[in-house]
Amino acid sequence: EVGYPVDREALRRGQQFLARVAAGNVPSCSWWSHDVDPGTRAFALYALARTRAPQASSASALFARRKELPAYGKAMLADALWIGGGDRAAAKALTTELMDRAKEESGALHLEEMSGVTYQSDWSSDLRTTAIALQTLVDVTPDHPYVGKMARYLVQARGPDGRYRTTQESAFALMA
């Protein structure tokens, strides 16, 4: 989108793999053999929508199971639905569900996962979840009153050296 060359064939192969992940159909290999969890499926749908290869049927199927999603998964699914031209009412419903869980302190607002330990294997954190939700909120309802408060949280959460704790937090905060 910003002019860097991308190998179209590599992108296509990646999108094909992610489409299988989004549908929950990933072949097992010698070291990895388990069902694809709903959060990973939402991440795949998010990446597909952001690369202009949305999967509406997989997104609709996952929306029907949204109670199984972690907070970051709900945000990514809402983003995939909105950016990918899917069910916009579903995207708004997910956004509302997320914002109903928001925690406000000192003029800043953030989201928390149900259990921080549960999603560590997904490189998740409350800061990363808040950044993903902010990116989605800006796409779905940019005039929402929480946008500025969430941005303030992301700025205040940086360490004294101006850095975030992980590359995941840094990447999603910058994208938001």
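**Stop 1: the largest cavity**

The lining of the largest cavity has seven nonpolar residues, three polar ones and no charged ones. Keep in mind that this is a predicted model.

Select L45, A49, P54, Q55, A56, A59, A80, L81, G84 and G86 to see that lining. The space inside has a volume of about 60 Å³. How many cavities of 30 Å³ or more are there? The count comes to one.

Now color the helices around the cavity. Helix 2 (38–50), helix 3 (56–64) and helix 4 (71–83) each supply at least two residues of the lining.

**Stop 2: the largest pocket**

Next, select E1, V2, G3, Y4, V6, R8, L11, R50, T51 and R52. These residues line the largest pocket. About 290 Å³ of space lies in the pocket. Which classes make up the lining of the largest pocket? Four residues are nonpolar, two are polar and four are charged.

Stay on R52, one of the lining residues. R52 sits in the loop between helix 2 and helix 3. Is R52 buried or exposed? R52 is exposed, because its relative accessible area of 65% is over the 50% cut-off. Check the backbone here too. Phi of R52 is near 60°, a positive value in a residue other than glycine.

**Stop 3: another positive phi**

Jump to S106. This serine lies in the loop between strand 1 (103–105) and strand 2. Phi of S106 is near 50°, again positive in a residue that is not glycine. S106 is exposed, with a relative accessible area of 74%.

**Stop 4: helix 5**

Select residues 88–99. This is helix 5, with twelve residues. From first C-alpha to last, helix 5 reaches 16 Å, close to the 16 Å expected at 1.5 Å a residue.

Look at the start of the helix. There, a side-chain oxygen of D87 reaches to within 3.1 Å of the backbone nitrogen of A89.

Which residues of helix 5 are buried? They are A90, A91, L94, T95, L98 and M99. An α-helix has 3.6 residues a turn, so residues three or four places apart point the same way. The buried residues of helix 5 pack against helix 3, helix 4, helix 6 and helix 7 (146–156).

**Stop 5: S125**

Move on to S125. Where is S125 found? In the loop between strand 2 (108–110) and helix 6 (126–140). S125 has a relative accessible area of 12%, so S125 is buried, as that value is under 20%.

Show the side chain. The side chain of S125 reaches the backbone nitrogen of R128 at 3.1 Å. Then look beyond the sequence neighbors. Leaving out residues up to four places away in sequence, S125 touches R165 and E169.

**Stop 6: L18**

Finish at L18, in helix 1 (residues 8–23). L18 is partly exposed, with a relative accessible area of 25%. What does L18 touch, not counting residues up to four places away in sequence? Select A44, A47 and L48 to see these contacts.

Note on methods. Residues numbered from 1 in each chain as written. Predicted model: local features only at pLDDT ≥ 70, side-chain atom pairs only at ≥ 80, totals over all residues. Heavy atoms only, no water. Helix = DSSP H or I, 4+ residues; strand = E, 2+ residues; numbered from the N terminus. Buried < 20%, exposed > 50% of the residue type's maximum accessible area, 1.4 Å probe, protein only. Polar contact = N/O pair within 3.5 Å; in protein donor to acceptor, adjacent residues only side chain to side chain. Contact = heavy atoms within 4.5 Å. 1 Å grid on protein atoms, 1.4 Å probe; cavity = no way out; pocket = protein on both sides within 12 Å on 5 of 7 lines; lining within 4 Å. Points joined across faces, edges and corners; volume = space filled by probe spheres on them. Nonpolar A, V, L, I, M, F, W, Y, C, P; charged D, E, K, R; others polar. Expected span 1.5 Å × (residues − 1).
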